[in-house]
Amino acid sequence: MYRYDEFDRTFVTQRVEQFREQVARRVSGELSEDEFKPLRLTNGLYLQLHAYMLRVAIPYGTLSSRQLRRLAFIARRYDRGYGHFTTRQNIQFNWPTLGEVPDILEELAEVEMHAIQTSGNCIRNTTADATAGVAADEIADSRIYCELIRQWSTLHPEFSFLPRKFKVAVTGSGRDRAVTAAHDIGLRLKRDADGRVGFEVLVGGGQGRTPILAVTIREFLPERHLLSYLEAVLRVYNQLGRRDNIYKARIKILVRETGTAEFARLVEEEWAHIRDGELALPEQEIARIRAYFAPPPYEALADACPELDAQRAGNRAFDAWVRSNVEAHKRPGYAVATVSLKPHGGIPGDASADQMEAVADLADAFGFSEIRVTYKQNLLLPDLRQRDLFAVWRGLKEAGLATANSHRLSDIIACPGLDYCNLANARSIPIAQMISTRFADLEREQEIGNVTVNISGCINACAHHHVANIGILGVDKKGKEFYQVTLGGAADETAAIGDIVGPAFDEDAIVGAVETVVDVYLAERRDAAEPFIDTYRRIGIKPFKEKLYAAR
Amino acid sequence: MRGSFVMPNTAITANRLLDGFVIYLTPDGGWSESLADAAIAATEAELDALQAVAERDARAGRVIGPYAFDVQPGADGPVPLGQRETLRTLGPSVRTDLGYQAARR
Ligand code: SF4
């Protein structure tokens, strides 16, 4: 796994001390809130509805058991015993006090973590697909490139004050597991005809009040040109992006207004000046970073695992969990398991300190001490022997983490919403809880199959509701919470923005509306093998609309 | 005419510097964690006076981001209008063991 180099260590430690001084000056009254706010935000500290909130970066979603234990320790010692994992592979602590934040940052620095690049108009923490390094179908480990991007972008002097925040995501193959189409820059690893590794480059994706899918501006970018090409994209954006209107400042607006072809031309023009300069990546440099992500010492195993087969046959609950939460690994005899942070009726993405420690223990015992944070607000154990799955499942079950619902309807992405967030219009978590309770029957969930349900508490769309199969957006109507439903969005390689189905539903009607949508799907699907999104694409919005508003 | 036309009752809220907790401006110019203690303005003039005090405390760095919001009278004192301010008086509705509601349970 990647470790800090000396530069990072010195820098992060200095940053903590600097922030400690800034906090002291704020508390003594020397700094006003206006002066202090940008300083705290650069260190990941927000002010929410009830308290401060500290957002901690988890670069490319990779954690060691030691780091996860430290997060658990922070949750217990400095917070209220839990943390909230987000779609951007961060963790948020909801109750830190101002005076203790420097101590928390110091605790984090000791395990090579920090809260830099989690806020502000800079290049944010780059996200990767959670199965990087282990996915059976990947071209290369996307974390290598995330790390190259991290080193290039951290405190890049030219790009610390962009028109708006800037998010990059990298996925390891043509199968998009990092929602690249919803990012300012999305990179999809691929090979060219000669077998060389490179990227399809997408730009201009984004959510918020103007959801736009990213467009491809380069079909193939050889890996050695990654940084110079990104630099060219950022330069064009930095020069031409709008700074006069916050709603038009993201690169998505620039790309749309400029046109894909013209934007691509501008980038190529800029790139021509710098492509063979100092940002060109020599093979040795890529190899150096690749070495940080060297695979753990796998055993040579057979892919068949009779023990597992017997355990599955003997335990229906375990079998259901394997079916929904376990994925193929690229090494024979190994498997990837999702640790669900979505118990039915629970708060999506929340994990208690005890649960974090339980996962860390299981990672130590069975999984090379490695844990991932997924885009779907779950954790993942990437390197398990198939024959250990039963023991892992039992451990997870004891910790309340073995819900067999990965990719199912109750695997809901929900932002903090009005229960915590200062910008919210409506609550999202209780809606997620009601829906997951309504669909708590595992057999019914299994029958419904894979479907994505995302709930955002305002149009900022932190839960990516626009790209959910069933999207729910909280709106405020004269102080009352209402929920608008979109259908047909998708966050994978067939990315799509959902269509608004009609007038919003109130809190009492929204769960019934989701159920109606599911009923229409079940009635209309060709067979059990046709997932929700395919049925929707085949029959369109009309049958759903008719059923949803029939009684009105 | 200022200070005489009918406006909804309002109180002033902010977040406390040290822990970010929700606080309300009281009639004696202090701040309380409980809306029951809040100063209520019924006229523009009263609101202006409260806002002046709140702004002074914000400038002095004691509180963050003060603003006025509408309340209506209730059995145990003023009640906020709207979900956002209601939740601010209580804490997260999904964690009733946390926030002010926990102490008041
Ligand atoms: S979508 Fe809105 S309510 Fe939800 S976390 Fe983002 S800003 Fe807050």
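This report describes aromatic contacts, the ligand shell, a pocket and the cavities of a predicted model.

## Aromatic pairs across the chain

Over all chains, a search of the whole structure finds 21 aromatic pairs. One of them joins Phe166(A) and Tyr237(A), whose rings are tilted at 40 degrees between the planes, with 5.5 Å from centre to centre. This pair links distant parts of the chain, since Phe166(A) lies in the loop between helix 5 (142-153) and strand 7 (168-171) of chain A, while Tyr237(A), 71 residues apart from it, belongs to helix 6 (residues 226-240) of chain A. Phe166(A) and Tyr237(A) are both buried.

Phe318(A) and Phe390(A) also form an aromatic pair, here edge-to-face, with 80 degrees between the planes and 4.8 Å between the centres. This pair too links distant parts of the chain, with Phe318(A) in helix 11 (residues 316-325) of chain A and Phe390(A) in helix 13 (residues 389-398) of chain A, 72 residues apart. Phe318(A) counts as buried because its relative accessibility is 0%, and Phe390(A) is likewise buried because its relative accessible area is 16%, with the cut-off for burial set at under 20%.

## Charged groups over rings

Two contacts between a charged side chain and an aromatic ring can be described here. Arg275(A) lies over the face of Trp271(A), at 4.4 Å from the ring centre. For Lys477(A), the charged end sits over the ring of Phe482(A), at 4.7 Å from the centre of that ring.

## The shell around the ligand

The residues surrounding the ligand are Cys415(A), Pro416(A), Gly417(A), Cys421(A), Leu423(A), Ala424(A), Gly457(A), Cys458(A), Asn460(A), Ala461(A) and Cys462(A). Sorted by class, this shell holds eight nonpolar and three polar residues, and no charged residues.

Ala504(A) itself is found in the loop between strand 20 (499-500) and strand 21 (505-506) of chain A, and it is classed as buried because its relative accessible area is 11%.

## The second largest pocket

The second largest pocket contains about 940 Å³ of space. Its lining is made up of 46 residues, of which Arg175(A), Lys376(A), His407(A), Thr452(A) and Asp492(A) are the closest to the centre of the pocket. By class, the lining of this pocket has 17 nonpolar, 15 polar and 14 charged residues.

At least two lining residues of the second largest pocket come from each of strand 11 (326-328), helix 15 (442-448) and helix 17 (532-539) of chain A. Helix 15 of chain A gives the most to this lining, with three residues.

## Enclosed cavities

Rolling a probe the size of a water molecule over the atoms shows where empty space is left. The structure holds eight cavities of 30 Å³ or more, and the largest cavity has about 80 Å³ of space. Lining this largest cavity are 13 residues, and those closest to its centre are Gln117(A), Arg124(A), Asn125(A), Thr126(A) and Arg150(A).

Among the elements that contribute to the lining of the largest cavity, helix 5 of chain A gives the most, with three residues. By class, six residues of that lining are nonpolar, five are polar and two are charged.

Key
Residues are numbered from 1 along each chain as its sequence is written. Chains are lettered from A and ligands numbered from 1 in the order in which they are written. This is a predicted model: local features need pLDDT of at least 70, side-chain atom pairs count only at pLDDT 80 or more; totals for chains, interfaces and linings use all residues. Side-chain values use heavy atoms; hydrogens and water are left out. Rings of Phe, Tyr and Trp (its six-membered ring) pair if their centres lie within 6.5 Å; planes under 30 degrees apart count as stacked, over 60 as edge-to-face and the rest as tilted. Helices (H or I, at least four residues) and strands (E, at least two) are DSSP runs, numbered from the N terminus. Buried means under 20% relative accessible area, exposed over 50%, partly exposed in between (1.4 Å probe, protein chains only). A charge sits over a ring if NZ of Lys or CZ of Arg is within 6 Å of the ring centre and within 35 degrees of the ring normal. A residue is near a molecule or strand if one of its heavy atoms lies within 4 Å of it. Ala, Val, Leu, Ile, Met, Phe, Trp, Tyr, Cys and Pro count as nonpolar, Asp, Glu, Lys and Arg as charged, and the others, Gly among them, as polar. On a 1 Å grid over the protein atoms alone, a cavity is a set of points where a 1.4 Å probe fits but cannot get out, and a pocket is an open set with protein on both sides within 12 Å along at least five of seven lines; lining residues have an atom within 4 Å of a point. Grid points are joined across faces, edges and corners, and a volume is the space filled by probe spheres set on the points.
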